[in-house]
Every structure is written in structure tokens, then in C-alpha cells.
Amino acid sequence: MAPAGTIPDEVRVPKGRGRKMKLTQWALAALLTAGVASPALADGDAARGQTLFSRCSACHTVTEQNKMGPHLSGVFGRTAGTVAGYTYSKAMAAYGKAWDEATLDAFLTAPNKAVPGTKMAAGAIANPQDRADIIAYLKTLGAS
Ligand code: HEC
């Protein structure tokens, strides 16, 4: 039994050990932070996306009403160019793909590159996080 006031051997940390532990913990924390940040980027923040949708709402509603562009209610999973009563460009009508994360991301990055000849003349979103957030919002708009 150690006399009162002295630290028992098993509790004492050898010199240099404390610093090593701190570095390991720091590296682990950095790894964890990176791991948490990337899925957030891929998933997107729908609430933020709803705010960013102001860049689309001049031409698109999220109800079933067409404006200058087709309505975007239920757009996620819908085949491009298929809203009834909307007159698409020939390019969009012929595109034929369904709107998912990949097709929406490409289209919103550069509409005219993804669908050459589209008549969507504005609405390109340069920032990848903004695009992910808008796509997350579009996902919440239900099925058509
Ligand atoms: C200046 C008006 C305008 C703006 C702003 C705009 N769009 Fe469009 N959008 C259109 C038009 C017009 C079309 C039809 C394109 C065609 O037929 O080639 C379209 C088509 C689309 C389609 C294809 C829909 C379908 O039924 O296949 C999606 C998806 C889309 N827009 C998303 C967006 C998003 C998201 C934004 C905002 C970031 C946006 N648009 C901003 C005019 C606009």
C-alpha cells in the first residue's frame, strides 16, 4: 500500500506517453470529422435547399402548375420531359432518363451540357453543396 499523498505506480504515466496519446486522439478526431463531413455533402440539407429554391421559383412551382418551366412536384424519380400539358424542348422530350441524384446534379451543374438543346436557359448552380441541398429538397416533393 502506497503512503498517502504519493501516486501509485500503476497510475503514473511514463514520460512522453501523454503527448503520444494526444497526437493519436487528434488524428482520430480529424478522421472522424472528415468521415462525418462527406456524407453530409452527398446527402444535402433539404431545409437549406428549400431556401435556395428561390433561384428556381421564377420558372418552377412545386405544386402541379406549370409556369415557364414544368412543375417540379414529384420530379425526383420522374422520367424527364413527361409532365402532361407542358411543351418541352425536343432535347428534353428525347432525353429519356429519370431524374435522380446523378442526372439532377449534372443538369443543374450545366443544363446545356447535360441536355444539349434544353430551353432551360438559367438556373445553373455552381456550388456542389448548394446543388446537393436543392436536390435534397426536390426529393421531399413527393411522387408525381
Ligand atoms: C429561367 C427559367 C428557369 C429557371 C430559373 C430554372 N428553370 Fe428549370 N426549367 C426551365 C425550363 C424552360 C425547363 C424545360 C426545359 C426543356 O424543355 O428543355 C426546365 C426544366 C427543368 C427540369 C426538368 C423537368 C422535367 O419535367 O423533366 C428540372 C429538373 C429543372 N428544370 C430544375 C430546375 C431547378 C432545380 C432550378 C433552380 C436551381 C431551375 N430548374 C431553374 C426553366 C427554368
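What covers the buried residues of α4?

**Model.** I am working with a predicted model, in which local features need pLDDT of at least 70 and side-chain atom pairs count only at pLDDT 80 or more, while totals for chains, interfaces and linings use all residues. Residues are numbered from 1 along each chain as its sequence is written.

**Confidence.** I looked up pLDDT, the predictor's confidence in each residue, from 0 to 100. Its mean over the protein is 84, and 69% of the residues reach 70 or more. In residues 35-41 it is below 50, and this stretch has 2 contacts in the model beyond near neighbours in sequence. Two residues are in contact if their C-beta atoms, placed from the backbone, lie within 7 Å.

**Elements.** I found 6 helices and 0 strands in the protein. Both are DSSP runs numbered from the N terminus: helices are H or I with at least four residues, strands are E with at least two.

**Burial.** I noted that 20% of the 144 residues count as buried. A buried residue has 20 or more other C-beta atoms within 10 Å of its own, with C-beta atoms placed from the backbone.

**Helix α4.** In α4 (residues 101-109) I listed L104, F107 and L108 as the buried residues. Seen down the helix axis, they fall within an arc of 95°, so they line one face of α4. The arc is that of the directions from the helix axis to the C-beta atoms. As for my opening question, the cover over these buried residues includes α5 (111-114) and α6 (128-139).

Definitions and conventions:
A residue is buried if 20 or more other C-beta atoms lie within 10 Å of its own, exposed if 12 or fewer, and partly exposed in between; C-beta atoms are placed from the backbone.
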